[in-house]
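Me: Please take a close look at one part of this chain and tell me how it is put together. Start from the chain as a whole if that helps.

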Amino acid sequence: MTTEHSGLPRGIDHVGVTVPDINAAIRFLEEAFGAVALYRNVTRTAPQKGPETEKILGLPGGTVVIEMCMMALGHGPGIELFEMKGPDQREAARPCDWGLQHFAVYVDDIHAACHRFREAGGTLLTEPQGQPSLEAAPGNMFCYGRTPWGMIVELVCTPHQERFNDIAPMDRYQPPALKGSDA
């Protein structure tokens with residue numbers, strides 16, 4: 001263990017998402033994004049519940065973590081899916097509400113990605129469109145969609161990052177090309 005970075009993060013490890021049906025969410029992420037279910041850390045036969053779980057996760061009393069599954073998604077951070085049952089559960093937050101409002105997935109072919117997203121059961125909010133302002137460049141496109149459980153996901157493609165990387169103190173993250181890809 002080194003102290004070279006003095007406790008600074010190396011990057012985002014995963015994003016946690018609570019869903020109403022974990023198996024349906026796994027299928028959606030597999031079909032829409034080619035995600036891979038890595039492991040289930042909590043299962044229906046051994047759910048997490050009680051005061052200690054509530055304290056550790058900041059849950060209201062009576063909440064039960066039914067299942068948890070860590071998903072791999074390309075070269076980026078993982079998605080940790082949770083199925084929970086608890087008092088006063090609400091539907092997915094709107095993008096204008098405080099807290100995590102969406103996550104974005106980088107794609108090389110946004111039109112094919114949008115097709116997969118729809119086929120998997122997602123709903124696009126618009127068709128793909130050019131990136132605005134400083135992110136505008138040939139091929140730089142984005143589109144927002146809603147998962148079957150109501151969470152917002154952005155599909156983004158920014159093959160040309162020169163305009164914003166030239167003025168930023170460090171380059172914006174771009175995942176490495178997939179093996180066998182022309183990108």
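Reply: Of the contacts in the chain with a separation of 6 or more, 56% join residues 24 or more positions apart; contact means heavy atoms within 4.5 Å. The model is predicted: local features need pLDDT of at least 70 and side-chain atom pairs count only at pLDDT 80 or more, while totals for chains, interfaces and linings use all residues. Residues are numbered from 1 along each chain as its sequence is written, and side-chain values use heavy atoms, with hydrogens and water left out.

The chain holds 4 helices and 10 strands, taken as DSSP runs numbered from the N terminus (helices H or I, at least four residues; strands E, at least two). In sequence order they read β-α-β-β-α-β-β-β-α-β-β-β-β-α. Of the 183 residues, 35% are buried, where buried is under 20% relative accessible area, exposed over 50% and partly exposed in between (1.4 Å probe, protein chains only).

Helix H1 (residues 22-33) packs against helix H3 (residues 110-119) at an angle of about 155°, the axes being 7 Å apart. H1 is therefore roughly antiparallel to H3; angles over 145 degrees count as roughly antiparallel, under 35 as roughly parallel, 65 to 115 as roughly perpendicular and the rest as oblique. Axes are lines fitted to C-alpha atoms, for helices over the stretch in contact, and angles run from 0 to 180 degrees between N-to-C directions. H1 supplies Phe 28, Glu 30, Glu 31, Ala 32 and Phe 33 to the contact, and H3 supplies Arg 116, Phe 117 and Glu 119. By class, these residues are 4 nonpolar, no polar and 4 charged. Ala, Val, Leu, Ile, Met, Phe, Trp, Tyr, Cys and Pro count as nonpolar, Asp, Glu, Lys and Arg as charged, and the others, Gly among them, as polar.

Thr 147 lies in the loop between strand E9 (141-146) and strand E10 (152-157). Apart from neighbours within four places in sequence, Thr 147 is in contact with Phe 28, Phe 117 and Val 153. Phe 28 and Phe 117 also take part in the contact of H1 with H3. Thr 147 has a relative accessible area of 4% and is therefore buried. Between Thr 147 and Gly 122 the C-alpha distance is 4.7 Å, although 25 residues separate them in sequence.
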